[in-house]
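Work through the exercises below with the model open. Each task is followed by a solution in steps.

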Amino acid sequence: AQSILEEARRLSQGLQDSWQSLQVEIAQRAGATRPRTANRLFQRVGEELIARRSVASFKQAAQLLVRAFRIAEDIGELPAWQTYMAEIQDRYGRFQGLHEALQAVGLVV
């Protein structure tokens, strides 16, 4: 039974990774014509990665969130971005690895 559960977890993780990759690809393609959609997708996948609670996931999330920040900056939505980052801090502020990953890409929370 244990090996079946481990296999199911591995398959589930693979599906989740594929789904996240697809969302990132859609966000990249939508960036020029639908920046708000791209921004939301980068944020959503970033938060899914944060929820994994690993240093590697925090680093990936930070890369996506910096892309979302740049979009917000380009379309003049920095106040909404600041509110969003405050929410991220409220939800995930206890994760030191996330804080370090965000600082590494120039996002300070």
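Two rings of Phe, Tyr or Trp (its six-membered ring) form a pair if their centres lie within 6.5 Å. The model is predicted.

**Exercise 1.** Count the aromatic pairs in the whole structure, and find which residues ring pairs link into a cluster.

Solution. Step 1: searching the whole structure gives 4 aromatic pairs. Step 2: the cluster linked by ring pairs consists of F58, Y92 and F95.

**Exercise 2.** Decide whether Q43 is buried or exposed, and list its contacts beyond four places in sequence.

Solution. Step 1: locate Q43, which sits in helix α2. Step 2: the relative accessibility of Q43 is 14%; the cut-off for buried is under 20%, so Q43 counts as buried. Step 3: with neighbours within four places in sequence left aside, Q43 contacts L65, A68, W81 and Y84.

**Exercise 3.** Find which residues of α5 are buried, how they are arranged around the axis and what covers them.

Solution. Step 1: α5 spans residues 96-104, and its buried residues are G97, L98, A101 and L102. Step 2: viewed down the axis of α5, these residues fall within an arc of 135°, so they line one face of the helix. Step 3: their cover includes α2 (35-51), α3 (55-74) and α4 (78-92). Step 4: after α5 comes G106, with a positive phi near 90°.

Note on methods. Residues numbered from 1 in each chain as written. Predicted model: local features only at pLDDT ≥ 70, side-chain atom pairs only at ≥ 80, totals over all residues. Heavy atoms only, no water. Buried < 20%, exposed > 50% of the residue type's maximum accessible area, 1.4 Å probe, protein only. Helix = DSSP H or I, 4+ residues; strand = E, 2+ residues; numbered from the N terminus. Arc of directions from axis to C-beta. Contact = heavy atoms within 4.5 Å. Phe/Tyr/Trp six-rings, centres within 6.5 Å; stacked < 30°, edge-to-face > 60°.
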